[in-house]
Amino acid sequence: MNRGRIDHLEHAHPTHLAGARFTLHYGDMTDSGGLNRLVMTVEPDEIYNLAAQSQVHISFDQPEYTGNTDGLGTTRLLEAIRATGRGTRFYQASTSEMFGLTPPPQNESAPFHPRSPYGVAKVYAHWMTVNYREAYGLFACSGILFNHESPRRGENFVTRKVTRGIAAILGGRSEKLRLGNLESKRDWGHARDYVEAMWMMLQQEKPDDYVIATGIQWSIRQLAEVAFSMVGLDWQEYVEVDKAYFRPADVPDLCGDPQKAREVLGWRPKTSFREMIEEMLEFDLAAAGLTPATYLGDRSAKAS
Ligand code: G4F
């Protein structure tokens, strides 16, 4: 089991994480028997379904697997909850990828036009979540989250690829950073803020669906420009476009409208794009054995 991202929680000082101790169980989104047994024995108050094959590019190579885990896997979990009749609250990790070609600003009423097997599977899972709420009265919420990042982000997603790439260049282990489509635009927020929104959804009186976004958009080109300039480098000297990273179909233009989350949940993003990129750079520079302050200085990254 890959536990690299949670090991530190288990060993954290108990006073810092009062009540945050946890027990791990094996589970597989393609195994309904195992999921049923888990939900029956654990009797959870809340389930957050973040399990997925979440790489959009890979979903073009593994469309069936992606549909099975991300789409049908959600139905298996919903069925397991329904079978117990215990009123377990359910959070579904829906995604801005469901909007696909629909132009911004994307809110809860914007039509879905997914552009990848991943997006299609997530649209199915989203509507199953809505359906189980309407048909069986499950407390089921769907959070339509725009891209959310942190130093724990997987290495193949573009933000982390850029911050790790910069650390590799500064450490002398690499000369260039190869990226795909620089023109697509994303609305990036910090995962820490977005997880808080997930939790808030399940604490409401009524289940509902919410867009979680910052409402601010950056292109991949701008991401590279901002990140390289934070360490005093000109991105154009290092970034090369490589067709291998282009997708058969991409989502060109995402920018969410989080008004409903603001009004109903009282949720607001607390971390700016620049603060988030700086935090990721700091982490990746240190991980590469470099001293972050040497490159980032005491720069203030408060401005968005
Ligand atoms: O970082 P990305 O791979 O994220 P993407 O495809 O927007 O999806 C992520 O966010 C979704 C919304 O929360 C999640 F549902 C999903 O599971 C995942 O977490 O790519 C962002 C953009 C794309 O347009 C891509 O074409 O960056 C472009 N890009 C350009 N060069 C690249 C690269 N993406 C990657 N991964 N690697 C590149 O070299």
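## A tour of the aromatic rings

Colour the protein chain by pLDDT (the predictor's confidence in each residue, from 0 to 100): the mean is 94, and 94% of the residues reach 70 or more. This is a predicted model, so local features need pLDDT of at least 70 and side-chain atom pairs count only at 80 or more, while totals for chains, interfaces and linings use all residues. Residues are numbered from 1 along each chain as its sequence is written, and side-chain values use heavy atoms, with hydrogens and water left out.

Now for the rings. The whole structure holds nine aromatic pairs (Phe, Tyr or six-membered Trp rings with centres within 6.5 Å; planes under 30 degrees apart are stacked, over 60 edge-to-face, the rest tilted). Select Phe99 and Phe146: their pair is tilted, 6.0 Å centre to centre with 35° between the planes. Phe99 sits in the loop between strand S2 (89-95) and helix H5 (117-136), and Phe146 in the loop between strands S3 (140-145) and S4 (148-149), so the pair ties together parts 47 residues apart in sequence. Here helices (H or I, at least four residues) and strands (E, at least two) are DSSP runs, numbered from the N terminus.

Next, pick Tyr132 and Tyr136, both in helix H5 and four residues apart, about one turn of the helix.

Last stop, the charges over rings (NZ of Lys or CZ of Arg within 6 Å of the ring centre and within 35 degrees of the ring normal). Arg153 puts its charged end over Phe157, 3.8 Å from the ring centre; for Lys161 over Tyr245, the distance is 3.3 Å.
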